[in-house]
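Trainee: Could you pick one part of this model and go through it closely with me? I'd like to see how that part sits within the rest.

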Amino acid sequence: MGTTNSAISTAAPKANLSRSGQRLVLTFEGNWSVRHTQHREIDNLFSELDQQTPAEALQFDMSQLSSWDTSLLIVVVRAEEWCREHEVKFLGESLPPNIASLVALAEEVPERKTGRGNKTSASLFELIGNKTIAAIDGIGSTLQFTGETFLSFGRILRGKAAFDWRLFWLTMEECSAQALPIVGLISFLTGLIFAFVGALQLRQFGAGIYVANLVAVAMAREMGAIMTGIIMAGRTGAAFAAQIGSMKVSEEIDALRTLAISPMDYVVSPRLLALSMMMPLLVLYADVVGILGGAIVGRSFLGITWTQYWAQTVGSMGLLDILTGLVKGAIFGVIVAIAGCERGMKCGNDAAAVGNAATSAVVLGITWIVASDAIIDVIQEVLKL
Amino acid sequence: MSPTEKLSTETQAAAAPAALGDSSPAIEVRGLEMAYGSFVLMHDINFTVAAGEVMVIIGGSGCGKSTLLKYLIGLKEVEKGEIFYRGRSFSKASPEEQEEMQRTFGVLYQGGALWSSLTLAENVALPLEQYTDLSSKELMEIVSMKLALVGLKGFEEFYPSEISGGMRKRAGLARAMALDPALLFFDEPSAGLDPITSRRLDELVLRLRDSLGTTIVVVTHELASIFTIADTSIFLDAETKTVIAHGNPRELIKEGSDLRVRDFLLRGDPTKTPIGLPRESQPA
């Protein structure tokens with residue numbers, strides 16, 4: 001009973017076993033509190049009970065008890081179980097009424113046999129099997145979600161969807177202007193690092209000027225899109241998953257469904273469209289800032305003039321390189337949005353599930369960005385683009 | 001005298017609940033002002049709760065009942081007024097002293113507020129692990145006992161997401177009772193519960209009061225619960241922004257009491273028997 005106990009009684013809890021004819025008597029004294037419990041005392045008491053010769057009944061003497069709480073109740077319950085096991089009559093009527101009342105309340109609702117707590121460890125094959133099935137289910141579920149997204153676009157184009165324009169514009173702002181600082185910083189540093197690595201190698205052959213080619217092509221074709229995709233997966237994909245997951249927890253998604261409004265049209269599509277439309281612009285911005293980072297290294301460490309660097313950059317880069325990056329950006333935008341929205345829509349019903357959905361959206365988004373980038377590169381190589 | 005005879009004469013007097021040893025009120029609130037920034041929600045709140053009493057905080061929606069609870073448990077800092085527990089100032093105590101006093105509180109939040117990454121058993125066990133040196137066997141026995149008291153024995157290994165809202169609330173109560181606190185605070189305990197579970201909860205409140213001498217503060221709208229469990233109550237009025245009635249709800253419905261309080265407790269119809277009161281207790 002908390003701090004008030006100490007003010008009332010500081011007597012240590014004691015339990016004794018005595019015998020009166022065919023009756024066993026458990027005597028409790030002092031202050032019984034969960035905060036100062038005497039587990040050795042209790043274990044000794046039950047060891048002593050086990051050693052007793054057969055008795056007819058067990059009763060309690062609590063006249064010397066100062067104060068008590070649940071720590072005493074569990075001893076009483078244990079004693080009751082002991083009596084049941086040893087076929088000794090449990091004299092519950094010898095308990096003080098207030099203790100008996102709580103014990104009765106605890107026993108009022110019988111234990112539910114839920115089957116939990118008897119977990120058997122799964123075999124290695126079972127584990128691998130379960131993981132494989134879960135992975136296949138995950139891919140199936142993502143494909144289904146992608147399909148539903150296309151259906152939703154169809155409805156939006158036909159004007160038969162409840163499309164949240166406010167959310168669309170708001171998401172556009174979040175995915176564009178608000179993302180510029182972080183995309184700019186990371187792209188600038190990426191261009192800078194590329195230029196440094198290139199400069200160290202190319203300078204040895206007197207080909208330092210080609211740093212401009214390296215940075216321009218790398219940023220335009222690959223790094224601009226990949227770095228923006230990864231940033232947006234961590235920033236926006238996670239936010240999508242958390243926002244939609246929270247809506248699911250608070251039954252907002254169910255409320256939409258009961259109004260016959262498709263959550264795909266109202267919640268998912270505005271986000272997906274906004275992000276995939278903004279991603280190419282962000283990629284373009286990342287390319288420019290990355291090239292600027294490279295130019296600063298070229299100017300500072302290689303002594304290349306701004307004009308030379310610009311001319312070399314323009315000469316090394318074709319329209320196809322820029323378009324490749326922009327198309328990749330749009331694809332990565334769709335991937336990030338689908339990963340975020342899908343994880344959010346599949347989120348469980350508690351706070352931890354929202355966190356898991358956000359984490360999973362980021363992991364899924366980044367994995368698919370890298371994988372799809374590799375696939376696009378292979379296709380380009382095959383088509384000689 | 002044989003032990004049996006001795007027991008028959010002394011059992012009834014034995015095992016006095018620990019919390020009843022001090023004569024100072026369990027809770028005393030003096031001149032408390034509740035505010036959100038410059039917006040004053042309630043002012044000049046004064047009341048006392050005797051040890052081992054159940055006090056119910058009543059009032060219309062949005063009048064500040066849950067906010068008052070937040071002040072009482074230390075989630076909101078007192079700017080004006082003072083709160084005392086057993087004669088010790090809580091609002092003017094050092095952070096360490098406040099923490100020490102908070103360890104004697106058990107709080108049941110509206111939604112149960114269970115930690116979703118822990119099973120029910122782990123939720124109840126956490127405060128015990130933190131503040132006691134119980135053996136793991138004893139700890140599990142206490143956890144099972146607490147869950148049994150709220151009718152959830154057998155659900156130890158379930159996660160909060162796997163049980164219903166009512167069960168989550170009951171598990172939250174088991175966690176609130178984990179350390180056998182001297183003071184229990186309930187925020188809307190009956191909301192969302194079926195009548196049987198709600199009645200069982202009321203019964204548990206009364207048994208905790210009677211058996212362990214726990215002082216209990218309950219925020220509730222449930223009239224049946226109010227008349228069943230309350231020894232005393234305070235009525236918060238949003239219009240005057242203060243406490244307009246303090247006393248047993250059965251007294252507050254009598255002729256001559258504040259009309260606003262009577263209206264509330266009689267659901268706006270003074271000819272009806274209040275829910276939870278037997279017909280013979282109908283007000284004059």
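Mentor: Let's begin with the chain as a whole: among contacts in chain A between residues at least 6 apart in sequence, 80% join residues at least 24 apart, a contact being heavy atoms within 4.5 Å. Keep in mind that this is a predicted model, where local features need pLDDT of at least 70 and side-chain atom pairs count only at pLDDT 80 or more, while totals for chains, interfaces and linings use all residues. Residues are numbered from 1 along each chain as its sequence is written, chains are lettered from A and ligands numbered from 1 in the order in which they are written, and side-chain values use heavy atoms, with hydrogens and water left out.

Chain A has 13 helices and four strands; these are DSSP runs numbered from the N terminus, helices being H or I with at least four residues and strands E with at least two. Its radius of gyration is 35 Å, well over the 21 Å that the globule rule gives for 385 residues, so chain A is more spread out than a compact globule. (That radius is taken over C-alpha atoms, and the rule is 2.2 Å times the number of residues to the power 0.38.) Along the principal axes, the C-alpha trace of chain A spans about 110 × 60 × 50 Å. Of the 385 residues in chain A, 48% are buried, where buried means under 20% relative accessible area, exposed over 50% and partly exposed in between, with a 1.4 Å probe and protein chains only.

The part I'd zoom in on is the sheet of chain A. It is an open sheet of four strands in the order 1-2-3-4, with mixed pairing; two strands pair if DSSP finds at least two bridges between them. Strand 1 and strand 4 (89-90) of chain A are the edges, each pairing on one side only.

Go across it strand by strand. Strand 1 (residues 14-20) of chain A runs antiparallel to strand 2 of chain A, with seven bridges, and A:Ser20 faces A:Arg23 in strand 2 of chain A. These two strands make a hairpin with two residues between them, and A:Gly21 in that turn has a positive phi of about 65°. Strand 2 (residues 23-31) of chain A is mostly covered, with seven of its nine residues buried. With strand 3 (residues 57-67) of chain A, strand 2 of chain A pairs in the parallel sense over eight bridges, and here A:Glu29 stands opposite A:Gln64 of strand 3. Strand 3 and strand 4 of chain A are also parallel, over two bridges; A:Ala57 has A:Lys89 in strand 4 as its bridge partner.

Now for the side chains. In the largest nonpolar core, which has 89 residues, A:Phe28, A:Leu58, A:Phe60 and A:Ile99 touch the most other members. Such a core is a set of buried Ala, Val, Leu, Ile, Met, Phe, Trp, Tyr and Cys residues joined through side-chain atoms within 4.5 Å. Helix 3 (residues 70-86) of chain A gives the most to this core, with nine residues. Apart from it lies another core of 39 residues, among them A:Leu275, A:Ala286, A:Phe332 and A:Ile338.

A:Gly184 is buried, with a relative accessible area of 7%. Not counting residues up to four places away in sequence, A:Gly184 touches A:Tyr285 and A:Val289. A:Gly184 and A:Tyr285 are 101 residues apart in sequence and 7.4 Å apart in space, C-alpha to C-alpha.
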